[in-house]
Every structure is written in structure tokens, then in C-alpha cells.
Amino acid sequence: MKLKQFFLALNTIAIVISAIIVVPLFMGYQTTPIAPEASPASDKYRLVWNDDPTENITVAWNQYKKANSMVMYGTKDHGRDFFKYEFSKKADRILTKYKMTTHFAKLSKLKPDQVYYFVIKDDTGVSERYWFRTAPDKPKAFTFIAGGDTKSADAALEAGRASNRIVAKLRPLFVMFNGDFCSGNGTVPEYWHTWLNDWHKLTTTPDGRMIPIFPVHGNHENGDQANLNYIFNAPYQQNDSSQIYYSLSFGGSFFHIIALNSSIDEGGNQRRWLENDLKTHKNYSFKIAGYHKPFWPHTNSKAENKYQYNQWAHLFYDYGLDISMDGDSHLSKITFPLRPESTAKNSFMGFVRDDAHGTIFMGEGSWGAHPRATNDDKPWTLKSFSGNQIKWIHVVPKENRLPDRMNIYTIITATYDKNNKQTLYDKNITGLSEYNLFDIPDNLKLLENGKYGEVIKYPFRLN
Ligand SMILES: [Fe+2]
């Protein structure tokens, strides 16, 4: 009798356990269902160009709680209905560094010049709906923003935030960020957290467009030469993540951008790589190089970089580099087109003006960092200015009788009076829409370049 009761009880327990295990499987409860309003356990979203941008983009984020995260994306806007998106991609690379668990998901085989919508989804929730545009594979007009040097505290942090907000107002195709992201040596986690949160929140447009970054290494990343690889999955050479320099092209043979590295040997391998890269892309309509340290800074408190000039200046000219974009000094400069030449009578610091074939050098990095005095102009300086600024460049392919051309604007983002009181200039700017990306919005504060006015045209003969 006792034995029978025992087996009956055992049978009942087995039925209950089976019901607990099997029934939910039939009902499809494989993961916890997500409430539509729930947020994912991730933040610090950014988009990076680190491979052919006509068909690739890297979505990067910090996953602060392990939750099976992925990007859901496609060419149709499904809002936050993640299950409706055509494609999904999990991270290709996960890296724990600087108190972040950074996820990199590379979206590939995208269509050129195409809008993609996406959300980042995990077991706890779904992000806002964002979108981006891939680069065109044929010549097509676009704008980009170039600049660098941000700081992690005080008025300099606020100036950087104003510049970030202007990115969202202008909706460029991409941003070339020319190094020096944080105060310190690039190994302070909290500074990266601030920078990445700001970048996500301030450069994203109100309708969710995210602007891809093309990152360049600066000396404030020198605490670890692989920093931009940790933060942006930036490419490197010689299978060595301390050798971060690379290039990308788009628009067919229209546009080529190069990220050089002035914190490692500019000669040797890097020089050989640069010569080969410039040679390979010699027939491109426009070739632009970004790097951090200028050859000859426009402030006397910064050292000259003669070795760098010796390694790169002749290659730039020989292979027809159109624009050189540097940073570091915390001021604005733009030169006339320059050719390296040391023996001519009118040569100054190894350069002469050459409007027909020279490279325009611009920079020098005051996205946020407090501006230095411009007390070291050269005979070939077109304009220098002490204030916070970013460069806005309109790139337009040839049409009718006009050649391939660029319009270069310097946007003043903050200035300081003699008591060091800061004025920011982002607030009253009318944001552009997708339909007027080449307009100059109301209340945008542009630098006047003497007799050339607010725009420097390239080729220079168009001025
Ligand atoms: Fe610097």
C-alpha cells in the first residue's frame, strides 16, 4: 500500500515537472517577451567608417548588462518594431576596456547611397529607431565636417558640445575627427564615457539620423597607441594595432580620404604605405589627408615638425593631395595652395604658394579645446583665427562648365572675451533638413576670410 502511494506521488511530480518544462516550449516562450516601451541595456551608440563606406558601416555600442544584443536593420522604417526589420547582425567583436563592454557589429553588403533604419535590441528592450545613409558609389554632391581636439571638463567641454550640436544641425555625410578626443592620455575611462555619450546624444539629429565618424589618432590618445581600435574598431597596418593609419574611398573614383598618424614614425613603413596609397588613388578627383600634428603650427607655443614635413610634404604634392587637415594647436588656419620648395626666393619654411597645383592646409583643431593665440602666421597663410571652430566642406562633382569642386567654410562654434567669458553659437542655428543640405542655415556663424569672404573655393582659381 505504502509503495503504491509512493509511485502515485512520483507520477504526479513527474507530470507537474513535464508541464513546467514542455508547455512553455509549445507556447513559444523561449525568451522573456519585451514590452514595447522597454529600453535595452546598452548606450554610447556610434557609427564608424572603417571599411568601404559604400557598402559597410560599423555600429558600436556599450552593452552594460549581458543580454543577447543585436542590430536589427533594413531599408524600410519599422520604427521600434524590431521583429519587422529585414536583417539582423550580432557583434563581430566584443571588447572589455575602459569600464565598457564595447560591441562592434559590422553591417556589410549594404547598397550605396541608401538610407538604412536600425534599432539595437536585446533581451531587456529596444533602442530608439536610428538611421544612416551609406556613401554613394558614383560622383554625387555631399558635405562633410572636419575638426578635432576636444576636452573632458569645464568650458572646453561645453564648446565641444556646441560643435557636436552643430554636426546634428548640418547633417554631413560623415565627420573626420582629427585626434585628441579626451583630456589626459586616452586611458581614463570616465573621459571616454563622457565623449561617447555626448557624441551619441548631441550629433544625432532629432529624427534619428546618426553621422558616421572617420577617426584619426592624436597625441592625447598616446597612452595606448591602439586606443582608436578599442573605441572605433579603427583599421591598422602590419597586423599591429599600434599602427593606426588607413584610407577609404567612395563615389567611384571621386573621393579618397586618408587617416595618417603623427604619433608614430611618419617615415619608414608609414611613409611607404602613404606613397603607395597616394599612387593607387592618384586619379581620384579629390584626395584628402587627415592627421593630428601640423607641420608648422600657427602658434609659437607648439613645436615645428620638420621630420614630418620631410616625410610627407613632397608625397602630398607629387601625387596631387588636394586638402590636408590637421589639428593639435587649438586654433583655425587655412593656407593658400602650397607646393614644397626650399630653394626658391619666395619660399618660406619649405613652401611656396601654387594656386594651380598646391595642397590647401587647414586645421588646427579647436572643436572644443580652449583656443590658443594665432601668433605664428606665415606669408602663405590665407587666414588664421583664435576661437572654437570646425570646417564644413561642400563637395560637388562637375556639371556643365564647372569642374569637380569644394566649398570650404570655417564655422565658429565658440569665442571668448578678454575676461575669458565664453559665447556659444549653436543655439539659434536653423537646422537643415534632408532637402536643403547645401544651404547656409540662418544664424550659422561663419569666419570671414578677408577678401575671399565666408567661402574658400577649390580649385583655387574659382575664387
Ligand atoms: Fe594634440
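Two strands are taken to pair if DSSP finds at least two bridges between them. With that in hand, the predicted model can be read from its overall make-up down to single residues.

The protein chain holds six helices and 25 strands. Its C-alpha atoms fill a box of roughly 115 × 50 × 45 Å along the principal axes. Of the 463 residues in the protein chain, 48% are buried.

With β16 (residues 323-325), β20 runs parallel, and three bridges join the two. With β17 (residues 332-335), the sense is antiparallel, and the pairing extends over two bridges. Residue M362 of β20 takes part on both sides: M362 is the bridge partner of M325, and I334 stands opposite M362 as well. In a regular strand the side chains alternate between the two faces of the sheet. In β20, I360 and M362 point one way, while F361 and G363 point the other way. Are these four residues of β20 buried or exposed? All of them are buried.

The buried residues of α5 are Q270, L274, D277 and L278. These cover an arc of only 95 degrees around the axis, which puts them on the same side of α5. What covers these buried residues includes the strands β13, β14 (255-259) and β15 (286-290), along with helix α6 (306-318). On the face of α5 turned away from the buried side sit the exposed residues G268, R272, N276 and K279.

Two packed helices are described by the angle between their axes and the distance between the axes. For α5 and α6, the axes come within 10 Å and cross at roughly 5 degrees. Since angles under 35 degrees count as roughly parallel, α5 is roughly parallel to α6. On the α5 side the contact is made by R271, L274, E275 and L278, and on the α6 side by Q311, W312 and L315. Both L274 and L278 are also listed among the buried residues of α5.

The last stop is F348, in the loop between β18 (338-340) and β19 (351-353). F348 has 16 other C-beta atoms within 10 Å and is therefore partly exposed. Which residues does F348 touch, leaving aside those up to four places away in sequence? They are K378, P379 and W380. For F348 and K378, the separation is 30 residues in sequence and 7.5 Å in space, C-alpha to C-alpha.

Terms used
Residues numbered from 1 in each chain as written. Predicted model: local features only at pLDDT ≥ 70, side-chain atom pairs only at ≥ 80, totals over all residues. Buried ≥ 20, exposed ≤ 12 C-beta atoms within 10 Å, placed from the backbone. Arc of directions from axis to C-beta. Contact = placed C-beta atoms within 7 Å. Axes fitted to C-alpha atoms, helices over the stretch in contact; angles between N-to-C directions. Parallel < 35°, antiparallel > 145°, perpendicular 65-115°, else oblique.
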